[in-house]
Amino acid sequence: MAPDSRPVEKKTTCPLDCPDSCGLVATVAGGQVTALSGDPEHPYTAGTICRKMRRYPQRLHSPERILHPGIRVGAKGEGKFARISWDEALALLAGRLDEIRQAAGGEAILRYSYAGNMGVINRFAGHALFHKLGATGLDETICSATASAGWERQCAALPGAPPERAADATLIVAWGINIRVSCQHFWRYVAAARKKGGQLLVIDPYRNATAAHADHYLPVRPAGDSALALGTIKALIETGLLDRERLAGNSVGFDRLERSLASLSWQEIVTESGLGQAEIEQLARQLTATPRLFFRLGMGLSRNSRGGMAVRAIASLAACLGLFDGGPGRGVLLTSRAFRGDTARLTYPELAPPGVRRVNMVQLAHALNRLEPPLRALMVYNSNPASVAPDGAMIRRGLAREDLFTVVHEQLLTPTARYADLLLPATTFLENRDLYTSYGHFYLRVAEPVLPPLGEARSNFDFFQDLAREMGLTDPPFLQTLEERLSDYLAGLQGIPPGVETADILAGRLVHSTFSGTDAVGGDGRPFSFTALAADGSPTVASLGPAGESADPDLQLRYPYQLLSPPHPELLNSTFGERFPGEIGELLVHPADAAACQLRDGGEVLLENHRGSTLRRVRVSADTRPGVVVAEGIFWEESARVGGINDLTSEKLADFGGGATFHEARVTLRRCCRKEPG
Ligand SMILES: Nc1nc2c(c(=O)[nH]1)N[C@H]1C(S)=C(S)[C@@H](COP(=O)(O)OP(=O)(O)OC[C@H]3O[C@@H](n4cnc5c(=O)[nH]c(N)nc54)[C@H](O)[C@@H]3O)O[C@H]1N2
Ligand SMILES: Nc1nc2c(c(=O)[nH]1)N[C@H]1C(S)=C(S)[C@@H](COP(=O)(O)OP(=O)(O)OC[C@H]3O[C@@H](n4cnc5c(=O)[nH]c(N)nc54)[C@H](O)[C@@H]3O)O[C@H]1N2
Ligand code: SF4
Ligand SMILES: [Mo]
């Protein structure tokens with residue numbers, strides 16, 4: 001056996017946008033990664049990983065990997081490229097960006113990047129360059145912006161509770177989160193709690209994979225969570241279950257919430273939450289009867305017009321129940337907020353000219369088609385907007401513009417990459433170094449590359465430093481090495497325990513945040529405040545929040561069904577879409593709705609609204625509510641024959657933070673006239 005073919009095991013971390021940030025072990029032999037498994041020494045993920053990542057080596061070494069720069073030769077969207085060298089690519093790109101800036105100003109350029117790679121260096125690698133170019137800014141709102149804004153408005157600096165604490169809970173509430181799909185390692189703590197007699201309650205509009213394994217399930221109406229949480233507080237008040245003494249000791253402003261709830265009628269609560277008054281009163285009893293209660297909140301409940309308010313209302317309920325006081329088995333976790341870094345040390349906003357315009361990433365379709373003055377260049381990396389951003393048909397129309405120069409830095413030929421004028425090969429996490437934190441647990445770790453870049457792939461960091469050099473930029477950030485940027489960021493990172501040096505972290509030491517121990521109310525010892533200041537300075541309390549598109553009477557009439565499009569177990573957003581060529585995915589339809597639309601199990605259905613359409617395969621099931629249809633997964637739309645699932649979703653923004661309203665689209669269902677299987 002040649003020396004380099006002897007298998008070697010190397011530790012790394014999963015870079016995907018998943019709260020678990022698993023510790024991984026890569027087996028490398030003969031210049032190939034032959035296996036990827038869980039790192040048994042990682043305290044949180046403890047040696048197991050999901051099925052999708054176990055198969056990552058095939059993706060890494062796939063014949064479909066983009067390994068060389070290419071220039072478009074076919075029509076836009078056709079996905080045909082001729083190979084060029086990196087030198088040619090960089091010269092061309094630098095030249096085009098200069099030309100565009102001179103002719104139309106830096107704002108004619110837009111970066112579109114998100115968290116395809118969660119490593120802090122490669123995630124933020126391009127920001128400095130685009131700031132320097134005076135490019136249109138991008139508000140990175142597509143995922144957690146609304147939930148985080150709701151949390152911050154209500155809870156200020158409070159971190160989430162450590163997930164491990166749930167293992168001692170007598171009742172875990174999974175609220176708007178599909179634990180068994182979107183953060184499967186948390187299930188370990190659910191299982192541990194249940195082994196000791198604890199129970200799991202799921203609050204979700206459909207009986208998802210987690211609800212199917214739960215002790216209790218409450219089928220809330222989509223966007224009904226603020227009504228449910230406020231109704232539960234009202235029930236606590238009315239039934240005398242509220243511990244007013246504790247509230248007086250550790251919170252302020254409850255009187256305002258109480259006054260506001262007095263004018264919220266049970267009729268409204270019942271209509272908006274989709275649950276009966278007796279059910280809500282029963283929930284209030286259940287939550288107060290249990291000694292150790294843990295709320296695990298997901299993003300799902302925030303992806304609608306009142307999503308920020310839902311988080312505020314649930315946080316207020318949690319405070320009424322004393323969950324911010326901590327203690328064994330007690331707590332609330334939305335995102336861990338484990339380490340507080342100075343992102344400016346990665347992004348260098350000071351390089352930007354003052355007052356540049358900004359685009360919300362949820363509204364890319366609008367930006368590509370309607371922005372004045374128009375965009376002339378789009379640079380995409382770490383993201384696949386043609387599939388994941390709302391109003392997909394309009395995005396494809398924008399990407400097809402002949403006067404738009406589109407650059408995509410990618411690993412595989414995604415639906416977005418097919419529209420590139422210039423296509424550049426990106427490394428995967430196995431080929432580059434980075435620092436990974438987590439939004440579901442409290443550990444961080446630096447991972448080294450497990451093998452050198454394949455083909456001519458370059459990491460985001462290397463690509464943007466090379467481009468800056470090509471453009472003659474000499475500001476300090478463009479001259480930094482990766483080590484320098486990482487060290488600078490680590491030096492300003494809060495949450496690192498005393499005694500742990502930057503050098504230890506750079507050497508790969510796994511570090512647990514100091515923030516997770518915080519049990520003091522308010523995080524910094526301040527009492528929980530039920531009020532938050534509105535823009536005009538007046539105090540506000542959690543309320544129902546604004547109704548969205550799903551409540552629009554015209555749309556309700558024309559498009560009778562509400563569409564949810566949550567994660568699929570085999571996809572990570574649109575990543576791994578290449579594994580499902582031609583797959584259209586399933587649509588869960590309630591038996592009553594299936595009968596009304598003459599749909600049959602296994603047949604194809606056309607989902608349609610004023611924005612677009614897509615096809616799915618019907619699964620008739622009482623796991624969803626009448627009127628609510630569920631399409632798990634963002635399959636690649638070129639394989640879906642019509643548009644993708646996001647052809648149906650809206651660019652309208654949620655109430656706080658500018659997040660998306662993915663779970664709010666209204667659709668019609670039409671039995672597909674194409675041939676149906678069997
Ligand atoms: N396998 C897999 N794992 C993933 C992902 C993936 O695509 N696939 N995506 C990753 C990413 S980027 C993220 S941000 C997380 C997201 O994961 P989660 O935090 O779990 O959030 P969502 O996926 O939006 O939705 C989760 C649940 O919310 C429900 N939901 C929708 N609307 C409402 C509502 O109004 N109220 C309530 N109570 N529930 C509602 C959905 O039906 C779904 O069951 O998962 C990550 N993990
Ligand atoms: N309908 C609907 N739409 C949704 C959601 C939903 O629940 N429903 N969820 C939303 C959420 S929560 C999110 S976070 C967004 C996610 O949307 P995106 O951020 O676009 O995430 P992915 O679909 O995973 O695409 C990431 C891409 O980055 C590429 N990539 C990975 N690593 C690197 C790298 O190091 N360098 C470069 N250049 N590229 C890399 C991958 O190959 C992949 O194609 O989608 C949103 N869209
Ligand atoms: S996608 Fe999530 S569960 Fe799967 S390996 Fe990565 S972090 Fe772990
Ligand atoms: Mo996300």
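Buried here stands for under 20% relative accessible area, with exposed meaning over 50% and partly exposed lying in between, computed with a 1.4 Å probe on protein chains only. Helices (H or I, at least four residues) and strands (E, at least two) are DSSP runs numbered from the N terminus. In a regular strand the side chains alternate between the two faces of the sheet.

Strand β24 is joined by three bridges to β29 (residues 665-671), with the two running antiparallel, and Leu-563 stands opposite Ala-665 in β29. Three bridges also join β24 to β28 (residues 628-630), here in the parallel sense, with Val-628 of β28 as the bridge partner of Gln-562. Two strands are said to pair if DSSP finds at least two bridges between them.

## Basis of the model

This is a predicted model, in which local features need pLDDT of at least 70 and side-chain atom pairs count only at pLDDT 80 or more, whereas totals for chains, interfaces and linings use all residues. Residues are numbered from 1 along each chain as its sequence is written, chains are lettered from A and ligands numbered from 1 in the order in which they are written, and side-chain values use heavy atoms, with hydrogens and water left out.

## Ligand surroundings

Of the 35 residues around ligand 1, those that come nearest are Asp-204, Asp-225, Pro-567, Leu-571 and Asn-573, a residue being near a molecule or strand if one of its heavy atoms lies within 4 Å of it. A nitrogen atom of ligand 1 is 2.6 Å from a polar backbone atom of Leu-571. Oxygen atoms of the ligand also take part: one is 2.9 Å from an N or O atom in the side chain of Asn-208, and an oxygen atom is 3.1 Å from a polar backbone atom of Gly-300.

Ligand 3 is surrounded by residues including Cys-14, Cys-18, Cys-22, Cys-50, Ser-21 and His-185. By class, this shell has six nonpolar, two polar and two charged residues, with Ala, Val, Leu, Ile, Met, Phe, Trp, Tyr, Cys and Pro counted as nonpolar, Asp, Glu, Lys and Arg as charged, and the others, Gly among them, as polar.

## Loop residues

Ser-21 is placed in the loop between β1 (8-13) and β2 (23-29), and its phi is near 35 degrees, a positive value in a residue other than glycine. Because its relative accessibility is 8%, Ser-21 counts as buried.

Pro-373, in the loop between α16 (364-370) and β15 (377-381), is joined to Glu-372 by a cis peptide bond with omega of about -15 degrees.

Key: Polar contact = N/O pair within 3.5 Å; in protein donor to acceptor, adjacent residues only side chain to side chain.
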